[in-house]
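Morning, everyone. I have one chain to walk through today. Have a look at it first.

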Amino acid sequence: GIPTPPTKFCRLHPSEPLKLFCFTCKQLTCRDCQLMVHKNHRYTGSAPSKGPHGPYRLSLSPSLSPSLSPSLSLSLSLSLRYQFVSEAVDSLKKQLEVKVQPIRSAHRDKVRQSLRDMEI
């Protein structure tokens with residue numbers, strides 16, 4: 001089956017999931033941010049859902065779906081996919097850094113030891 005992306009949480013409100021989509025800013029937001037930072041912006045109470053266009057297609061509320069053009073719907077879907085991929089890349093970079101750091105430290109220690117050995 002299609003893997004479901006992990007639930008993402010707001011950086012400003014860590015207990016709040018990113019489950020709203022702000023049309024004005026073209027990004028996922030949490031409920032608290034939508035009420036404060038994105039006040040008076042157009043948004044939908046949607047989350048990425050499984051469907052014929054992949055797991056990151058917007059599931060728009062019925063009242064908004066008819067008013068969206070196919071190109072806007074595609075644009076929103078692509079924005080969500082881009083955001084998901086960007087977050088995945090950031091996560092992989094952090095994981096790689098954790099794995100590489102001990103190798104760097106070991107290499108640095110060997111270089112220092114070699115320099116000390118050459119001084120003797």
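I'll go from the overall fold to the core, and then to a few residues.

This is a predicted model. The chain has two helices and five strands. In sequence order, the pattern reads β-β-α-β-β-β-α.

Now burial. Of the 120 residues in the chain, 22% are buried. The exposed surface comes to about 8,800 Å². Carbon and sulfur atoms supply 60% of that surface. On contact range: take contacts between residues at least 6 apart in sequence, and 29% of them join residues at least 24 apart.

Next, the core. Which residues form the largest nonpolar core? There are nine: Cys 10, Leu 18, Phe 21, Phe 23, Leu 28, Cys 30, Cys 33, Leu 76 and Leu 80.

Stay with Cys 30. Beyond its neighbours within four places in sequence, Cys 30 contacts Cys 10, His 13, Glu 16, Pro 17, Leu 18 and Leu 20.

One of those partners is His 13. Is His 13 buried or exposed? His 13 has 18% relative accessibility, and the cut-off for buried is under 20%, so His 13 counts as buried. His 13 sits in the segment before strand E1, residues 20-22. Setting aside residues up to four places away, His 13 touches Cys 30, Asp 32, Cys 33 and Met 36.

Last, Arg 31. Arg 31 lies in helix H1, residues 31-35. Its relative accessible area is 41%, so Arg 31 is partly exposed. With residues up to four places away left out, Arg 31 touches Glu 16 and Leu 20. Arg 31 and Lys 19 are twelve residues apart in sequence; their C-alpha atoms are 7.5 Å apart.

Key
Residues are numbered from 1 along each chain as its sequence is written. This is a predicted model: local features need pLDDT of at least 70, side-chain atom pairs count only at pLDDT 80 or more; totals for chains, interfaces and linings use all residues. Side-chain values use heavy atoms; hydrogens and water are left out. A nonpolar core is a set of buried Ala, Val, Leu, Ile, Met, Phe, Trp, Tyr and Cys residues joined through side-chain atoms within 4.5 Å. Buried means under 20% relative accessible area, exposed over 50%, partly exposed in between (1.4 Å probe, protein chains only). Contact means heavy atoms within 4.5 Å. Helices (H or I, at least four residues) and strands (E, at least two) are DSSP runs, numbered from the N terminus. Accessible areas come from the Shrake-Rupley method with a 1.4 Å probe; for residues, only the protein chains shown count as cover.
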